[in-house]
Amino acid sequence: MKLFMLLAGTVAAPSIAFGADLKASDYVGVSFWLVTAAMLAATLFFFLERDNVSSKWKTSLTIAGLVTGIALWHYLYMRDVWVETGTSPIVYRYIDWLLTVPLLMVEFYLILRAVTDVAASLFWKLLVGSLVMLGFGYMGEAKMMAAWPAFLIGCAAWLYMIYELYKGEGAAARDGSGNAAVQSAYNTMMIIVVVGWAVYPLGYYLGYLSGGGVNEGSLNLVYNLADFVNKILFGVVIWAAAVKDSGN
Ligand SMILES: *C/C=C(C)/C=C/C=C(C)/C=C/C1=C(C)CCCC1(C)C
C-alpha cells in the first residue's frame, strides 16, 4: 500500500505535468509519454515480483525497480521540458543517468554474488568507468568542452567497462559460478551493454557530430527508445533469471 501511495505522489508531483499540451504531430513528445508510462508499469512489476523469487534474488529485483522508478521520476520532468520548450532536457537526463547507470552496473555484481564469490573491485571498476563516460558526455552536451574529444573519452570508458565484463573479473566469476541461469542472464545483460548502450553514442553523434547544428528531435527520440530497452529489458532479463533459479 505504501508503495502505491509513494508512486501516486510521484506522478502528481511535477506541477506543470497536467498543463502540458501534447500535439499528435510531436512524435518525440509522444515517445516521452510512452516511456514514462512504461517506466511506471515496470517499476510496479519489479517490486511486486520480489514475492515470486527466492531471497538471494530480491535485492536484484529491488535495484531493477529503483532504476525504472528513478527514470520514471525524471521522465515526468523531461517530457514536460520537451513538450513545453522543444529543447533537450540535458540536466535531468544526465542526473537520471548518473544514478541509474551505476545501479545497472551493480546488477552484474549482485547477480554474481547471489551464486558465487566475487570481489568488490569489479563494482568499483564499473563505477569509475560509468562516471568517466557520463562526466565527459555531459561536458560535451553542455558545451563545457568540445563535442568530439568528450565523445572519444566517453567511448573509451564505455569500452573499458565492456572489456571488464567480457574478459576481466566479471567474466571469471561468471565462468566459475557454475549456475546456468546466472550465466545466461550475464551474457544477455552484456549484449545489452554492448548493443543497447551503443544507441547512446549514436544519438550523441546524430545530435552533435553529424553536422548541420544540434538535432534535438532525433537526439531525444533515440535516447528515449534506448532507455526503454536498457532499463526495462535489462530488468526483465534479471527477473527471468531470478524466477528460473528460484524454481518457479
Ligand atoms: C539508463 C541509462 C543508460 C543505460 C545510459 C547509458 C548511457 C551511455 C552508454 C552513454 C554513452 C556515451 C558515450 C559512450 C560517449 C559519450 C556520450 C555518451 C555519454 C552518450
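**Entry 1: arginine 174**

I began with arginine 174 and asked: is arginine 174 buried or exposed? In this predicted model, arginine 174 is buried, because its relative accessible area is 13% and the cut-off for buried is under 20%. I found arginine 174 in helix H7. Next I looked up what arginine 174 touches, leaving out residues up to four places away in sequence. The list I wrote down is Leu112, Gln183, Tyr186, Asn187 and Met190.

**Entry 2: helix H5**

I moved on to H5, which covers residues 121-141 and has 21 residues. From the first C-alpha of H5 to its last I noted 30 Å, close to the 30 Å expected at 1.5 Å a residue. Then I checked which residues of H5 are buried, and among them are Leu122, Leu126, Leu127, Met133 and Leu134. Gly129, Gly137 and Gly140 are buried too, and so is Glu141.

Which helices do the buried residues of H5 pack against? I noted H4 (90-115), H6 (147-166), H7 (169-177), H8 (180-209) and H9 (216-245). H7 is also the helix where I found arginine 174. Just after H5, I spotted lysine 143 with a positive phi of about 65°.

**Entry 3: helices H3 and H9**

A reminder to myself: two packed helices are described by the angle between their axes and the distance between the axes. For H3 (residues 55-85) and H9, I wrote down an angle of about 160° and axes 10 Å apart. H3 is therefore roughly antiparallel to H9, as angles over 145 degrees count that way. The crossing of H3 past H9 is left-handed. By class, I noted 13 nonpolar, six polar and five charged residues in the contact of H3 with H9.

Terms used
Residues are numbered from 1 along each chain as its sequence is written. This is a predicted model: local features need pLDDT of at least 70, side-chain atom pairs count only at pLDDT 80 or more; totals for chains, interfaces and linings use all residues. Side-chain values use heavy atoms; hydrogens and water are left out. Helices (H or I, at least four residues) and strands (E, at least two) are DSSP runs, numbered from the N terminus. The expected span of a helix is 1.5 Å times one less than its number of residues. Buried means under 20% relative accessible area, exposed over 50%, partly exposed in between (1.4 Å probe, protein chains only). Contact means heavy atoms within 4.5 Å. Axes are lines fitted to C-alpha atoms, for helices over the stretch in contact, and angles run from 0 to 180 degrees between N-to-C directions. Angles under 35 degrees count as roughly parallel, over 145 as roughly antiparallel, 65 to 115 as roughly perpendicular and the rest as oblique. A crossing is left-handed if the near helix is turned anticlockwise from the far one by less than a right angle, and right-handed if clockwise. Ala, Val, Leu, Ile, Met, Phe, Trp, Tyr, Cys and Pro count as nonpolar, Asp, Glu, Lys and Arg as charged, and the others, Gly among them, as polar.
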